[in-house]
Amino acid sequence: MPEHTPTLAVEDLRTVFRSKAGDVAAVDGVSFSVDRGEVLGLVGESGSGKSVTGFSIIGLVDPPGRVAGGRVLYKGRDLAGLSEARMRALRGREIAMIFQDPMMTLNPVLRIDTQMIEAIRAHERVSEKAARARCRDALGRVGIPAPDERLTAYPHQFSGGMRQRVAIAIALLNAPDLIIADEPTTALDVTVQAQILYEVQALCRDTGTALIWITHDLAVVAGLADRIAVMYAGKVVETGSTDQVLDHPMHPYTHGLIGSVPSENRRGQRLSQIPGMTPSPLALPSGCAFRTRCPRADAACRQPPDMVERVPGHAARCFHPHLTGEAVEVPA
Amino acid sequence: MLVYFIRRLTQSVVVVFLMAAIVFLGVYAIGNPIDVLINPEADQAERAAAIARLGLDKPLWEQFGIFLGNALQGDLGTSFVHGTSALTLILDRFPATFELAVAAMLMAILVGIPLGVIAGLYPDRAVGRIIMGGSILGFSLPTFWVGLMLIMVFAVFLGWLPAAGRGDTVDLAGVPVSFLTWDGLSHLFLPALNLALFKTSLVIRLARAGTREVMLQDYIKFARAKGLTKRRVVGVHVMKNIMIPVVTVLGLELGSVIAFAVVTETVFAWPGIGKLLIDSIGNLDRPVVVAYLMLTVFLFIVINFAVDVLYSILDPRVRLSDTKG
């Protein structure tokens with residue numbers, strides 16, 4: 001059997017932003033991989049560096065930010081070494097991205113057909129007519145009724161949910177092998193959210209597309225992702241299969257996240273919360289960045305912990321992990 | 001849309017009427033044309049006859065009433081000096097000014113938009129700073145001085161371009177134009193450049209501000225994530241968005257360029273309406289001044305209206321929302 005190459009392998013990625021106080025790392029040594037047809041949930045609070053990770057992969061980190069280290073291996077090829085022209089050719093064709101706010105991702109003054117057809121013709125020499133037919137099919141696939149008429153409409157004539165479907169249709173146009181979805185359902189109604197999740201999941205399964213789903217919402221990834229990577233302050237603090245991470249979280253931070261989600265079987269009890277706030281990347285605590293908010297922290301946590309795989313496929317960056325066997329207890 | 005039209009039309013009528021009153025009174029206040037027009041050695045009888053002939057013996061409100069009545073029939077009065085219809089005088093010179101204004105606007109757009117976009121894309125690089133520095137000069141240098149400098153350099157020292165007049169004209173649909181002959185074009189270039197300088201600076205600033213704002217939008221990042229070339233992102237996605245403020249302001253500016261090309265026309269002896277206005281003010285030729293200002297008001301109203309229509313073409317979101325409320 002030949003050596004297995006995942007669709008995307010991120011190794012020790014480091015993305016920094018220049019500031020008056022020197023370079024600040026928004027993403028600091030992040031590693032993970034996604035396979036063909038696999039859905040990876042990248043979970044974290046606002047400011048944990050998950051969106052910047054997405055932009056780093058696709059090469060759209062704008063100054064003052066820059067990718068300062070690590071490797072992004074797409075099918076074994078390092079994207080960091082690619083010229084801007086080669087990177088452009090890859091974007092949208094092999095790696096597509098869906099953004100958070102559907103009200104902002106479509107250009108308000110261009111018609112839908114213009115914005116879809118250009119996405120095809122940036123990568124292929126096809127006639128306007130053939131491109132239009134593909135756009136119509138793509139709109140139909142994401143559940144937009146009367147796609148022929150909708151093609152000539154402007155974005156403001158669509159609802160938020162419909163616009164996100166259009167954005168997803170655009171991402172799917174060139175049948176990419178990897179889609180990075182940056183909180184694409186956060187701005188939508190719960191019912192629309194469920195529909196879109198279902199559709200995206202089905203599409204990835206059918207086409208074998210690898211999907212990175214960036215979110216802060218554990219409930220969303222619970223039903224969607226095969227594996228989860230939890231990010232905190234620019235680092236991945238826990239990875240594992242969805243069941244492993246959600247049912248037996250090791251890292252106290254993951255623990256806290258799960259405890260703060262309202263749940264059916266804890267009805268009536270007070271929700272727990274993680275004390276304190278996400279630290280500013282300008283003033284991270286030394287050692288483990290979570291130690292100032294962590295109930296288990298002690299002197300050992302002043303040293304930076306390493307990622308340790310304590311259960312096969314399930315790793316955490318912590319000196320005092322909750323190990324399997326311990327029930328998920330919710331602090332009062 | 002019909003309601004919108006009617007409301008705009010009503011507003012316009014009110015504006016025209018108010019403007020007529022203000023202009024008429026204002027011109028009345030600046031001096032008595034009889035002192036300028038009549039030979040100082042004329043006797044009382046001749047003087048009285050002249051005053052009666054010009055209708056200046058009637059009370060002011062009656063003069064205004066007569067003026068309004070005539071204006072409604074398209075007659076804005078007869079020039080005291082030339083003895084011909086003031087409107088005809090102005091319309092005869094209008095093509096020259098219009099040609100100059102359009103040439104200046106074209107220069108401002110063709111030079112200003114690319115420079116502004118470049119300055120907006122690279123605000124921290126030397127090229128962006130140089131463009132912005134240049135636009136400050138364009139804003140601050142007085143038009144008459146720049147005009148004189150242009151004449152000195154290009155007409156006197158270098159001798160490349162003529163300093164005054166319109167040059168050879170050819171008739172285009174019965175209207176004499178300069179831009180179709182080499183000689184006319186060479187006469188047109190310097191005054192148009194002079195007039196364009198301020199507008200170019202304005203366009204640069206508008207285009208730069210627009211570009212900087214649009215470049216930060218998610219839809220630009222999304223367009224880049226689609227793998228579009230930079231050329232396409234800037235040329236289509238950015239450009240179409242920044243055209244909205246640029247067209248609005250330029251539309252309004254076209255009116256002011258036509259109406260207030262006075263300085264440039266005077267410096268370059270361009271035979272347009274600006275020069276006619278200056279001469280008429282000098283001669284206290286009231287009907288011409290009034291007719292000029294009335295035409296200017298009319299021009300602004302028409303242009304404002306055209307801008308609104310154009311705006312709705314550029315920005316699809318305006319189309320629906322403007323019909324109500």
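What handedness does the crossing of helix 5 of chain B and helix 6 of chain B have? That crossing is left-handed, and the legends below take it as a starting point for a tour of a predicted model.

**View 1. Helix 5 of chain B meets helix 6 of chain B.**
Here the axes of helix 5 and helix 6 (residues 126–140) of chain B come within 8 Å, with a crossing of roughly 130 degrees. An angle like that makes helix 5 of chain B oblique to helix 6 of chain B. Helix 5 of chain B brings Leu115(B), Ile118(B) and Ala119(B) to the contact, while helix 6 of chain B answers with Val127(B), Gly128(B), Ile131(B) and Met132(B). Sorted by class, that gives six nonpolar residues, one polar residue and no charged ones.

**View 2. Helix 5 of chain B again, this time with helix 8 of chain B.**
Stay with helix 5 (residues 86–121) of chain B and look at its packing with helix 8 (residues 182–215) of chain B: the angle is about 35 degrees and the axes are 5 Å apart. The crossing of this pair is right-handed. Its contact residues split into 24 nonpolar, five polar and five charged.

**View 3. Helix 1 of chain B against helix 4 of chain B.**
Helix 1 (residues 2–29) and helix 4 (residues 60–72) of chain B have axes that come within 11 Å and cross at roughly 130 degrees. Helix 1 of chain B is therefore oblique to helix 4 of chain B, and the crossing is right-handed. If you want to pick out the side chains, take Ala20(B), Phe24(B) and Tyr28(B) from helix 1 of chain B, then Leu60(B), Phe64(B), Phe67(B), Leu68(B) and Ala71(B) from helix 4 of chain B. By class there are eight nonpolar residues in this contact, with no polar and no charged ones.

**View 4. Two of the annotated transmembrane spans in chain B.**
An unreviewed UniProt entry marks "transmembrane region" at residues 12–31, 100–122, 143–165, 185–207, 242–270 and 290–314 of chain B. How much helix does the model put in residues 143–165 of chain B? The figure is 65% helix with 0% strand, and the end C-alpha atoms sit 18 Å apart. For residues 185–207 of chain B, the span is 100% helix and 0% strand, with 28 Å between the end C-alpha atoms.

**View 5. Where chain A touches chain B.**
Chain A puts 24 residues into the contact and chain B puts in 20. On the chain A side, the elements giving two or more residues are helix 2 (84–90), helix 3 (102–105) and helix 4 (112–121). That side of chain A counts 14 nonpolar, five polar and five charged residues.

The UniProt record (unreviewed entry) places "domain: ABC transporter" at residues 8–258 of chain A. Over that stretch the chain is 40% helix and 28% strand, and its end C-alpha atoms are 27 Å apart. One open sheet in chain A has four strands in the order 2-1-4-5, with antiparallel pairing. Strand 2 (22–34) and strand 5 (77–78) of chain A have a single partner strand each, so one side of each is left without a neighbour in the sheet. Strand 4 (residues 65–74) and strand 5 of chain A are joined by two bridges, and Tyr74(A) stands opposite Arg77(A). Helix 1 (residues 50–58) of chain A packs on the sheet, touching strand 1 (8–19), strand 2 and strand 4; its direction makes about 110 degrees with that of strand 1 of chain A. In the loop between helix 1 and strand 4 of chain A you'll find Pro64(A), joined to Pro63(A) by a cis peptide bond with omega of about 10 degrees.

**View 6. The eight-stranded sheet of chain A.**
This open sheet of chain A runs in the order 6-7-8-3-9-10-12-11, and its pairing is mixed. Its edge strands are strand 6 (95–98) and strand 11 (308–311) of chain A, each pairing on one side only. From one strand to the next, the twist averages 20 degrees. Strand 10 (residues 235–241) and strand 12 (residues 314–316) of chain A pair antiparallel over two bridges, with Glu238(A) opposite Ala316(A).

Note on methods. Residues are numbered from 1 along each chain as its sequence is written. Chains are lettered from A and ligands numbered from 1 in the order in which they are written. This is a predicted model: local features need pLDDT of at least 70, side-chain atom pairs count only at pLDDT 80 or more; totals for chains, interfaces and linings use all residues. Axes are lines fitted to C-alpha atoms, for helices over the stretch in contact, and angles run from 0 to 180 degrees between N-to-C directions. Angles under 35 degrees count as roughly parallel, over 145 as roughly antiparallel, 65 to 115 as roughly perpendicular and the rest as oblique. A crossing is left-handed if the near helix is turned anticlockwise from the far one by less than a right angle, and right-handed if clockwise. Two residues are in contact if their C-beta atoms, placed from the backbone, lie within 7 Å. Ala, Val, Leu, Ile, Met, Phe, Trp, Tyr, Cys and Pro count as nonpolar, Asp, Glu, Lys and Arg as charged, and the others, Gly among them, as polar. UniProt positions are given in the numbering used here, feature names are shortened, and annotations may be inferred rather than shown by experiment. Two strands pair if DSSP finds at least two bridges between them.
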